[in-house]
Amino acid sequence: MTDTTHDAGTRRDFLYVASGAMGAVGVAAAAWPFIDQMNPSAAALALASTEIDISAVQAGQQIVFKWRGHPLFVRRRTPAEIAMSKAVDVSTLPDPLARNANLPDSAPATDADRAIKPEVLVLIGVCTHLGCTPTVSTPSAPEGEYGGWLCHCHGSQYDTAGRIRKGPAPQNLAVPPYAFLSDTRIKVG
Amino acid sequence: MSGQSTYNPKSGFEKWIDQRLPLPRLMHDTMQTFPTPRNLNIWYTFGGILTFCLVVQIVTGVVLAMHYVANAGMAFDSVERIMRDVNYGWLMRFIHSNGASMFFLAVYIHMFRGLYYGSYKAPRELIWILGVLIYLLMMATAFFGYVLPWGQMSFWGATVITNLFSAIPLVGTHIATWLWGDFAVGDATLNRFFSLHYLLPFIIAGVVGLHIWALHVPGNNNPLGIDVKSPQDTVPFHPYYTVKDAFYLCLFVIVFAVVVFYAPNFFGNPDNYIQANPLVTPTDIVPEWYLLPYYAMLRSIPNKLFGVIVMGGAIVTLFLIPWLDTSRVRSCRFRPLMKQFFWAFAVVCVILGYCGAQSVDAARFGIPLVWVARLGTIFYYAFFWLIMPIIGLVETPKKLPASIAQSVLGDSAAAAAE
């Protein structure tokens with residue numbers, strides 16, 4: 001059967017490999033729609049931006065809005081809270097990056113890089129560990145040691161700029177893309 | 001499925017069937033005449049009990065799916081409607097929800113039995129591996145099912161578990177988004193979980209078929225852990241073990257019924273009677289009891305990726321047990337050292353479960369539980385990766401009996417029966 005003069009393979013070998021390769025490509029092409037259908041649909045992607053009114057947020061207070069199905073923290077920080085955050089040396093932070101969608105990825109996690117206006121902190125309220133919503137800390141009801149947030153699920157603690165300070169969370173709370181439309185309205189997304 | 005078939009079709013119809021689809025022959029050989037060690041004890045009845053549990057879950061599940069609505073806006077209300085309005089809906093749901101707990105109770109007994117009597121050792125490695133695969137599928141099925149009532153624990157449990165995948169470097173967040181079908185757990189997630197929750201039990205049933213097939217090749221292990229040597233060592237499966245299995249199944253069903261009728265919310269979490277709220281996380285997120293030891297491991301590690309690896313590794317380790325145990329003796333009855341470590345391991349699993357159920361900053365007797373969980377996690381790994389291989393080499397096992405018949409019947413009776 002085998003034609004020994006064809007060292008590089010017979011015509012039959014070629015047909016085997018070619019049809020096998022085409023079959024593999026075909027299976028992959030057929031599998032992709034079944035995999036990709038699980039990704040967010042066009043409707044889910046369309047909900048990507050929202051406008052919110054932040055005039056009701058008092059100093060030292062946080063109001064939770066909803067964006068892309070996630071809680072969105074808007075916290076009006078007191079001067080003391082801002083000062084506390086500014087006093088931190090960025091090089092000592094577990095996550096030294098700003099995680100601010102409005103800035104380049106390499107921006108350092110200084111207090112200034114965490115908010116467009118220092119007194120208004122806008123954060124995605126999703127613990128970067130396993131996605132729970134951290135509880136806000138207030139002087140009357142402190143949560144954690146850093147005056148920011150404590151995640152009760154697995155004990156991650158954030159400071160008054162939403163930066164991770166202690167616990168299993170790997171990153172600072174994310175700052176979403178947002179812009180001030182006026183002093184009291186912001187557009188998120 | 002293996003060995004000589006003793007099936008003898010009598011009527012013309014039986015012969016006609018046997019030549020075309022020998023299903024009666026299969027049933028006869030595996031469930032009737034199958035030679036089974038004569039010394040199987042109560043702990044060997046849980047295989048049958050587990051089959052019963054799977055059937056109960058599928059039957060009640062199919063019924064519940066007739067009334068349940070897989071939609072984030074309606075799921076919670078539809079479950080309440082099942083509880084209040086659907087005829088016997090409360091019964092179907094309580095059997096199904098507590099059935100999951102009973103299923104895991106039985107599977108843990110079944111697994112610890114296999115561990116104690118060395119049932120994973122050659123030539124039964126694949127039975128064990130298929131069993132761990134079933135266990136993994138059970139955990140996935142139970143997780144998907146727990147999300148469906150769309151209560152607070154459903155939602156936040158789903159959030160935490162799916163976020164485990166976000167720990168994977170580079171592609172993690174894309175995988176999480178792909179699992180959700182959105183940027184967070186939501187309606188799309190609920191729908192696909194319902195679809196998978198309905199699918200997986202049938203896959204489990206398929207793997208159970210392989211598990212039993214693999215079991216019928218070497219036959220059952222037994223409490224002595226020695227091979228069957230002669231027909232004196234065995235009895236036919238029917239009636240000896242059909243009756244024994246049925247008796248212990250009745251006892252199991254009594255316990256099951258007590259839970260369903262007198263303490264149906266015992267295993268549940270009150271937070272799950274609050275509808276899912278994506279903006280508020282419950283103060284303490286606790287998984288179902290059967291996942292608590294793994295949850296304690298996850299929480300004890302102060303690093304996201306490493307925590308997920310340790311938790312996943314705890315399950316991957318189970319697949320490798322047949323090769324981690326170096327002992328030539330199967331049963332712990334003849335392994336004085338291993339027996340002690342086995343019980344220590346069982347206690348550590350319970351302690352880990354206890355730690356997983358407490359809040360993250362809890363302490364007992366002045367000791368932070370997170371440290372107890374860390375020690376427990378270390379012991380869990382050490383048991384399989386150090387203790388098991390080393391003890392197998394250094395331990396002097398007790399003398400094994402000559403045969404099962406001799407051990408059960410005594411020397412003279414075994415000789416007389418020859």
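Reader: What should I know before we start?
Author: This is a predicted model, in which local features need pLDDT of at least 70 and side-chain atom pairs count only at pLDDT 80 or more, while totals for chains, interfaces and linings use all residues. Residues are numbered from 1 along each chain as its sequence is written, chains are lettered from A and ligands numbered from 1 in the order in which they are written, and side-chain values use heavy atoms, with hydrogens and water left out.

Reader: Why are Cys132(A) and Cys153(A) called a disulfide?
Author: Their sulfur atoms are 2.1 Å apart, and a disulfide is a pair of cysteine sulfur atoms within 2.5 Å. So the pair qualifies. A search of the whole structure finds one disulfide over all chains.

Reader: What makes this disulfide left-handed, and which parts does the pair tie together?
Author: The torsion about the S-S bond of Cys132(A) and Cys153(A) is about -95°, so the disulfide is left-handed. Cys132(A) sits in the loop between strand 4 (120-124) and strand 5 (135-136) of chain A, and Cys153(A) in the loop between strand 6 (147-150) and strand 7 (157-159) of chain A, so parts 21 residues apart in sequence are tied together. Strands here are DSSP runs (E, at least two residues), as helices are (H or I, at least four), numbered from the N terminus.

Reader: How do you know whether Cys132(A) is buried or exposed?
Author: Buried means under 20% relative accessible area, exposed over 50% and partly exposed in between (1.4 Å probe, protein chains only). Cys132(A) has 1%, so Cys132(A) is buried. Cys153(A), with a relative accessible area of 1%, is buried too.

Reader: Why is helix 5 of chain B called roughly antiparallel to helix 13 of chain B?
Author: Helix 5 of chain B and helix 13 (residues 336-357) of chain B pack at an angle of about 155°, with axes 11 Å apart. Axes are lines fitted to C-alpha atoms, for helices over the stretch in contact, and angles run from 0 to 180 degrees between N-to-C directions. Angles under 35 degrees count as roughly parallel, over 145 as roughly antiparallel, 65 to 115 as roughly perpendicular and the rest as oblique, so this pair is roughly antiparallel.

Reader: Which residues meet there?
Author: From helix 5 of chain B come Phe112(B), Leu115(B) and Tyr116(B), and their partners in helix 13 of chain B include Phe342(B), Trp343(B) and Cys349(B). Contact means heavy atoms within 4.5 Å.

Reader: How do Tyr88(B) and Trp150(B) compare: buried or exposed?
Author: Tyr88(B), at 55% relative accessibility, counts as exposed, whereas Trp150(B), at 5%, is buried. Phi of Tyr88(B) is near 60°, a positive value in a residue other than glycine. Trp150(B) also has a positive phi, of about 60°.

Reader: What makes Thr177(B) buried, and which residues does Thr177(B) touch?
Author: Its relative accessibility is 17%, so Thr177(B) counts as buried. Not counting residues up to four places away in sequence, Thr177(B) touches Met38(A), Pro40(A), Asp182(B) and Phe183(B).
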